[in-house]
Structure formats: structure tokens, C-alpha cells
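Thanks for making time this morning.

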Amino acid sequence: MTIRRMFIAGAKCPACGLEDKLRICTDDDPASSKPEWVECVRCDYTDVRPTEVTMKEPDEEHDDATGVVRFKP
């Protein structure tokens, strides 16, 4: 089991608000319950990276000059 940690430059922690204290952690173990997560080295904030991305449907009320572009993950 190897955990790789990399700091995220310029990111602010949502809990303490300090910049350059967040790092993303990746677990190489395929049986891990949380393969990627973010943690703050200052206040011990953690958040698991979501595995599914939910896209919001665009509003039907828009003019024809504006196009809707959808990027799929």
C-alpha cells in the first residue's frame, strides 16, 4: 500500500481558509475505500473526491445565440 501526497498550489482550505495547505492524496491499493482524497495539513480537514459526476441539465430558457457545450468526464 502506497499513499502518494501532492500539494495543490494556490488552493484554499474550505475549513480554515489558508492558502497552500491542501494536498491531494492517492492510494494505490485497489481495495481502498477512498482512492483519492484532499486533506489540509493545518486544520486536519479531509474530503473524499467524488467518484461520480452529476451534470445539471441546462435551463430550457436561453436564446439561440448562446450554445450549450457539455464536456463528458
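Thr-26 has Glu-36, in β3, as its bridge partner, and in this model strands are DSSP runs of E with at least two residues, numbered from the N terminus. The model is predicted, so local features need pLDDT of at least 70 and side-chain atom pairs count only at pLDDT 80 or more, while totals for chains, interfaces and linings use all residues. Residues are numbered from 1 along each chain as its sequence is written, and side-chain values use heavy atoms, with hydrogens and water left out.

Five bridges join β2, residues 22-27, to β3, residues 36-40, and the two strands run antiparallel; two strands pair if DSSP finds at least two bridges between them. These strands belong to an open sheet of four, in the order β1-β2-β3-β4, with antiparallel pairing. Because β1 (3-7) and β4 (46-48) stand at the edges with a single partner strand each, one side of each is left without a neighbour in the sheet. The twist averages 25° from one strand to the next, where axes are lines fitted to C-alpha atoms and angles run from 0 to 180 degrees between N-to-C directions.

Now to the loops. Most residues other than glycine have a negative phi. Asp-20, in the loop between β1 and β2, has a positive phi near 60°, and Asp-44, in the loop between β3 and β4, has a positive phi near 65°. Is each of them buried, partly exposed or exposed? With buried meaning under 20% relative accessible area, exposed over 50% and partly exposed in between, using a 1.4 Å probe and protein chains only, Asp-20 counts as partly exposed at 42%, whereas Asp-44, at 65%, counts as exposed.
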